[in-house]
Amino acid sequence: MRQKVSIQQWLQKIPSLVPLWAGLVVLMLVLAAVKTYPPLWPAQDAASTSLAFFSQGEDKVAVNTAPVEELMLLPGIGEEKAQAIIDWREANGDFAGAQDLLQVPGIGPGTLEKIQDLVCF
């Protein structure tokens with residue numbers, strides 16, 4: 001059975017609810033600020049990450065030693081192609097030059113043209 005609460009009892013509870021309401025107001029203000037102000041850090045897409053890598057003094061990606069994450073910085077190379085490069089390298093040994101990359105499944109002349117000046121062996 002529900003107990004009836006008088007208006008006076010509700011008014012007595014209001015002071016104990018003030019911190020809760022204040023917290024909710026602060027939370028709403030913070031969420032509004034996060035949505036309206038520019039982000040604290042720039043979005044990291046593949047192109048901007050790649051540009052950052054090459055602009056930090058890194059001239060080329062060493063195909064014979066690079067991990068998947070570094071290979072993915074190359075234009076047109078996603079996780080699947082990067083793993084294919086590593087798989088080919090592990091099965092056949094080091095790449096001698098850019099033309100050897102054409103033997104990797106998924107890498108054709110178009111991809112090679114995009115990356116050949118950005119890799120070393």
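Leu 31 is found in helix α1, which spans residues 7–36. Helices here are DSSP runs of H or I with at least four residues, strands are E runs of at least two, and both are numbered from the N terminus. Leu 31 also belongs to a nonpolar surface patch, together with Leu 17, Leu 20, Trp 21, Leu 24 and Leu 27. The accessible area of this patch is about 580 Å² together. Areas come from the Shrake-Rupley method with a 1.4 Å probe, and for residues only the protein chains shown count as cover. A patch is made of residues with over 30% relative accessible area and no salt bridge; nonpolar side chains (Val, Leu, Ile, Met, Phe, Trp, Tyr) are joined within 5 Å, like charges within 9 Å. A salt bridge is a side-chain nitrogen of Lys or Arg within 4 Å of a carboxyl oxygen of Asp or Glu.

This is a predicted model, in which local features need pLDDT of at least 70 and side-chain atom pairs count only at pLDDT 80 or more, while totals for chains, interfaces and linings use all residues. Residues are numbered from 1 along each chain as its sequence is written, and side-chain values use heavy atoms, with hydrogens and water left out.

The protein chain has five helices and two strands, in the order α-α-β-α-α-α-β from the N terminus. Of its 121 residues, 23% are buried, where buried means under 20% relative accessible area, exposed over 50% and partly exposed in between (1.4 Å probe, protein chains only). The chain exposes about 9,100 Å², and carbon and sulfur atoms supply 62% of that area. Among contacts (heavy atoms within 4.5 Å) with a separation of 6 or more, 42% are between residues 24 or more positions apart.

The largest nonpolar core has 20 residues. Such a core is a set of buried Ala, Val, Leu, Ile, Met, Phe, Trp, Tyr and Cys residues joined through side-chain atoms within 4.5 Å. The residues with the most contacts inside this core are Leu 71, Leu 74, Ile 77, Ile 85, Phe 95, Leu 101 and Val 104. Helices α3, α4 (79–92) and α5 each supply at least two residues of the core, and α4 gives the most, with five. In soluble globular proteins, nonpolar side chains tend to be buried together.

Leaving aside neighbours within four places in sequence, Ile 85 is in contact with Val 63, Leu 71, Ile 77, Phe 95, Val 104 and Ile 107. Val 104 lies in the loop between α4 and α5. Residues up to four places away in sequence not counted, Val 104 touches Ala 84, Ile 85, Trp 88 and Phe 95. The C-alpha atoms of Val 104 and Arg 89 are 9.0 Å apart, at a distance of 15 residues in sequence.

Gln 103 lies in the loop between α4 and α5. Gln 103 is partly exposed because its relative accessible area is 47%. From Gln 103 to Trp 88 the C-alpha distance is 8.2 Å, and the two are 15 residues apart in sequence.

One aromatic pair is counted. Trp 88 and Phe 95 form this pair, which is stacked, with 4.5 Å centre to centre and 20° between the planes. Rings of Phe, Tyr and Trp (its six-membered ring) pair if their centres lie within 6.5 Å; planes under 30 degrees apart count as stacked, over 60 as edge-to-face and the rest as tilted.

| Residue | Relative accessible area |
|---|---|
| Trp 88 | 13% |
| Phe 95 | 3% |
| Asn 64 | 14% |
| Thr 111 | 11% |
| Val 104 | 1% |

Asn 64 lies in the loop between β1 (61–62) and α3 (68–71). Beyond four places in sequence, Asn 64 touches Arg 89, Asp 94, Phe 95 and Phe 121. Thr 111 is placed in helix α5, residues 109–115. With residues up to four places away left out, Thr 111 touches Gly 76, Ile 77, Lys 81 and Gly 106.
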